Amino acid sequence: MKIICIGRNYIDHAKELNSAIPESPLFFLKPDSALLPKKTPFYIPDFTKDLHYECEVVVKINKLGKNITKKFAHTYYNEIGLGIDFTARDIQEECKIKGLPWEKAKAFDGSAVVSEKFITKEKINPFDFNFSLYKNGDIVQNGNTNNVLFDIDTIICYISQFMTLKIGDLIFTGTPAGVGPVSIGDELVGFIENEKMFDLKIK
Ligand code: ZN
């Protein structure tokens with residue numbers, strides 16, 4: 001499986017990082033080795049001094065597809081989860097300045113946290129629900145999927161022009177404003193509406 005991440009999908013987040021607003025979905029990949037194993041704490045890697053959380057809605061692909069039309073995109077997923085796209089912000093800034101790819105900053109082991117729990121489309125409208133992240137009990141990120149530049153169907157249609165989507169692939173759909181650093185001892189708890197999706201300890 002592969003993990004596809006969308007960048008700058010929430011304007012308020014693109015602005016907080018002084019990034020340009022994309023005209024089409026900006027995406028990058030994380031390898032399957034980036035997936036944090038279940039029930040495992042996250043260990044901050046030593047190569048960064050500025051590790052950031054980015055809380056994101058995650059969509060699980062459940063059908064093989066290529067060149068998917070927007071009209072049929074909704075038939076390629078049924079479950080929605082929540083995750084964290086961990087980012088070594090100091091390394092990413094260096095990569096951006098030098099025009100280099102982001103893998104060192106975004107694709108390292110454990111950098112993709114995905115909730116064990118997923119919610120089916122029957123229980124939630126993919127285009128309009130709230131999600132939030134709490135750090136040590138304080139709310140730090142709060143988004144609604146109706147605030148995106150590119151909704152999930154548009155993303156699936158766009159990505160599938162370039163790469164085949166396979167069963168089990170995960171799409172991280174971008175983060176709202178409020179990204180920030182984590183330190184050893186922090187606890188990150190993510191919610192979709194009032195449902196707790198994950199509870200992660202930072203070590
Ligand atoms: Zn992200």
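Buried means under 20% relative accessible area, exposed means over 50%, and partly exposed lies in between (1.4 Å probe, protein chains only).

## About the model

This is a predicted model, in which local features need pLDDT of at least 70 and side-chain atom pairs count only at pLDDT 80 or more, while totals for chains, interfaces and linings use all residues. Residues are numbered from 1 along each chain as its sequence is written, and side-chain values use heavy atoms, with hydrogens and water left out.

## The zinc site

Let's start with the metal. Glu 54 (OE), Glu 56 (OE) and Asp 85 (OD) coordinate the zinc ion at 1.9 to 2.1 Å. Donors here are N, O and S atoms within 2.8 Å of the metal (3.2 Å for Na, K and Ca); water is not among the atoms, so sites may look incomplete.

Along the sequence, these donors follow the spacing E-x1-E-x28-D. Glu 56 lies in strand β4 (residues 55-61) and Asp 85 in strand β5 (residues 77-85), so the pair ties together parts 29 residues apart in sequence. Strands are DSSP runs of E, at least two residues, and helices are runs of H or I, at least four, numbered from the N terminus.

## Salt bridges

The whole structure holds 12 salt bridges, each a side-chain nitrogen of Lys or Arg within 4 Å of a carboxyl oxygen of Asp or Glu. Glu 187 pairs with Lys 201, their closest N and O atoms being 3.4 Å apart. That pair links strand β13 (residues 187-192) with strand β14 (residues 195-201). Glu 187 is partly exposed at 27% relative accessible area, and Lys 201 is partly exposed at 43%.
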